[in-house]
Amino acid sequence: MSTPLLELSGLTIRFGGLTAVDRLDMKIPVSNIRALIGPNGAGKSTVFNAITGIYRPTEGRITFQGQDITGKHPYRISALGIARTFQNIRLYKTLSVLDNVRIGAHGIGRGGLFGAIVRPPGIKAEERRINEASGDALELVGLLRKKDERADSLSYGEQRRLEIARALVSAPQILLLDEPAAGMNPQEKERLMLMIQQIAARGVTIFLVEHDMKFVMDLAQQVTVLDHGRKICTGTPDEVQSNLSVIEAYLGKEEAV
Amino acid sequence: MEELLRQYMNLYYIQVLTLICIMMIAALGLHLITGVTGQLSFGHAAFVGIGAYAAALSNIHWGLPFLICVLLGGLAAALAGVLVGFPSMRLTGDYLGIATLGFAEIVRVILMNMDITGGARGLAGIPRETTLVLAFVLAAVAIWTMYRIQDSRFGRALVAIREDDIAAECNGINGLWYKVSAFAIGSFFAGVAGGLYAHFLQYLNPSGFGFAKSFEILTFVVLGGLGSIPGTVLGTTILTLLPEVLRFSAEYRMMMYGLLMVIMMIFRPRGLLGGVDLLPLLKRMLYSLRKKQTPLNGDGNGRSV
Amino acid sequence: MTTDIVLQQLLNGLTLGSTYALIALGYTMVYGIIQLINFAHGDVYMIGAFVGLTMVVVFGINIWAALFVAMIACVLVAMTIERVAYRPLRRSTRLAPLISSIGVSIFLQTLMTSMKGPQPVGFPQVVSNTIYTIGPVKIALVQIIILLVAAALMIALQLIVKRSKIGKAMRATSEDYDTASLMGVNVNRVISFTFAIGAALAAAGGVLIGMYFNSVFPLMGVMAGLKAFCAAVVGGIGSIPGAVIGGLFIGVAEVFGVAMGLGSYKDAIAFALLILVLLIKPTGILGQPIQRKV
């Protein structure tokens, strides 16, 4: 097996006395749709926050394309080709839908203060590229029509899609989706699944955290289960579903409700 | 040019208008820091002061051309702005505001104690160079520059930090770099305004750049509508004119000024132009004008605004 | 500096610092509850000093009664300010009430200037200028009074906040505004009460400072207010013991700064400390770290 795109080895994150993630090992190959599941508080979002540089791991290593990215600043990690969405939607609320995506395209350009004021031809071309890429990303998530509306005027499902467009426009190698289907109705979930498959088909590796089991089992190629910060197992959806400890930790509880 | 103006305009009006233009440049600087980038600054007057002293001193001691002095004033303030921008790495919100206030007070006390600045006696003998025309042109350039900055990759990064700094970082934006840049550019504007101010008043005193002045500029920016360029222009104009208009009430004028600040905030908490988007508003007005001219079709769908 | 001088300066610093602490408590409590930097608070302190002065000079009443009247007067002033200038802005942007408070501050300063003129007004010698010598340290009667009154007021405050029902409501509101109001706490009353207590303490500080320096003036609240505010931040804004520690700390630092020949930089000392503390521990000595949820 060639080097994985993203590799976590012995990733441990503690907050004071609480161990949120405990010696997690994961290998995500290129062009994979990988899901990370587990009960509430299992540490899934914390894993994402560590990968994207928001939290500094207490121990362990994160490598991306063979390069150690542990403890790097989020903006550097983003520049390497890791994009993400947030569990509790973090859009630029008062800005237009288009501007949200154009900010996501920050990495495409180079223009600074001088470019902003003087606007040489190169910068104009760059702006065109940003606008085109933003239009494409909005088209993909079906929000091009609403490009001039304020981000916070969108419905919940639309906001989740806008976050995907904002992440995608930077042409990442890997897209981390933190509960993308949360708050969506069944039709929206169906559309979202198709959308994610479309994105994956373009060669973008997908790593998602999700609560909706049906969604995960239908979409993911491989699933990793986390409980209390520890990995219980990794496998195909079928393997995971038949794993006893998973049923105990997660599905069992779900069914008991 | 100035001579020509004087034939048509009373000297007093010329002075008030010049002051408005100067303050507008300073206020636009704070608009970039606080309104666009969302970094609270309670010490903007210190940058105006640094610019004013740097410009005045390079004129008095080195005899440099006036515009070079103003530019130096801007650069000196920008340098100080970089210094103040760095704490924004660790401090956010009110805490950053308080730190900038502390910095500004320290600057004031230092200016008060330096020999070269004339200390508390102030610095006199600055030649009068600032004209209304120049101040007006520079204010216009400042407004134009601000529009250009805001409509660019650079400006979008600043706004992203204001809206959500964590999301911005995850979008590849180096928050510290952009925050420090915003402080530097905003302070540059303040410094240029200071340079003009020095060559307008011809006398400087550190007490003129204390926190009261900082809050005055902050009020310009907030009262017009935080984050809006027309808001900043309007806020600066109204609040600079206000004390002049209230001059009839002599000693009660600042009392009324304070009172009006409270009243305006209560009735327009988001600023006079807060939440008003000028372009669509203009379009609507034009639309309704056209509507009035053409007779109604009688289908009952004609929307009046 | 010899030990004697150090002890003497320490005493002088604590005296000055205890008045900063009295003002700082108002800033910290108000910020703790509604996250507002109440820039008019320093001017409430100034009004307290003037009311005390007027009571003593014009009405000729005794200083303790004057202190009490000044406290009551400032309670009324602060409650009015809160009702008129801040309450309508409670749900708006953070900067709106801040600007409003600056407006109030300008109003109060100019109101007093137009009434009394900008020059300092002498505060009569209301206590005998007896000086006691305890070992190497000389302590004036007025210093003893200041320290005792400040300590008594702080203990009273602590009792109110920890023991009384309204104190419990204050703590609940400062912990979580929305939950407190959902749990049936009359948030308006709590906020009003917080302003009232803060104002009473500041007024006492104003009268005590008048007694100490024998002069009051309309702009006295500006610098004292800012420094007290620094004290609140240095101690950890929102924390009552923090405000006291911060106030004493800044008072002592300032007095020592002057003793070391930094007299002309006196007003910068508090701010330098402020920046230092903020950079080392952004939430102040006793402040709780801010946890951001991502």
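Me: Let's start with chain C and chain B. How many residues of each are in contact?

Reply: This is a predicted model, and in it 46 residues of chain C touch 40 residues of chain B.

Me: And how do I put a size on that interface?

Reply: The usual way is to quote the accessible area lost when the parts come together. For chain C and chain B the buried area comes to about 3700 Å², with carbon and sulfur atoms giving 80% of it.

Me: Which elements of chain C give two or more residues to the side that touches chain B?

Reply: They're helices H3 (63-86), H4 (95-116), H9 (220-235) and H11 (266-280) of chain C. H4(C) gives the most, with 13 residues. By class, that side of chain C has 34 nonpolar, nine polar and three charged residues.

Me: Now chain B against chain A. What's the picture there?

Reply: Here 26 residues of chain B are in contact with 31 residues of chain A. The buried area is about 2600 Å², and carbon and sulfur atoms give 56% of that. On the chain B side, B:Arg153, B:Arg156 and B:Asn171 lose the most area to chain A, together 29% of what that side buries.

Me: How many salt bridges and how many polar contacts are there between chain B and chain A?

Reply: You get three salt bridges, one of them formed by the side chains of A:Arg119 and B:Asp151 at 3.9 Å, N to O. That pair still counts because the cut-off is 4 Å. As for polar contacts, the count is 19 residue pairs, both residues at pLDDT 80 or more.

Me: Which helices of chain B supply at least two residues each to the side that touches chain A?

Reply: Helices H6 (132-150), H7 (153-163), H8 (165-170) and H9 (175-201) of chain B do. The largest share, eight residues, comes from H7(B). Sorted by class, this side of chain B has 13 nonpolar, five polar and eight charged residues.

Me: On to sheets. How do I read the one in chain A?

Reply: In general, strands of a sheet pair through backbone hydrogen bonds, either parallel or antiparallel. In chain A, six strands form an open sheet in the order S6-S7-S8-S3-S9-S10, with mixed pairing. Strands S6 (82-84) and S10 (230-235) are at the edges with a single partner strand each, so one side of each has no neighbour in the sheet. On average, neighbouring strands are turned by 20 degrees against each other, direction ignored.

Me: Can we zoom in on one pair? How many bridges join S7 to S8 of chain A?

Reply: Five bridges join S7 (residues 174-178) to S8 (residues 205-209), and the two strands run parallel. If you want a position to look at, find A:Leu175, which stands opposite A:Ile206 in S8(A).

Terms used:
Residues numbered from 1 in each chain as written. Chains lettered and ligands numbered in written order. Predicted model: local features only at pLDDT ≥ 70, side-chain atom pairs only at ≥ 80, totals over all residues. Heavy atoms only, no water. Contact = heavy atoms within 4.5 Å. Buried area = accessible area lost by both parts, 1.4 Å probe. Helix = DSSP H or I, 4+ residues; strand = E, 2+ residues; numbered from the N terminus. Nonpolar A, V, L, I, M, F, W, Y, C, P; charged D, E, K, R; others polar. Polar contact = N/O pair within 3.5 Å; in protein donor to acceptor, adjacent residues only side chain to side chain. Pairing = 2+ DSSP bridges. Axes fitted to C-alpha atoms, helices over the stretch in contact; angles between N-to-C directions.
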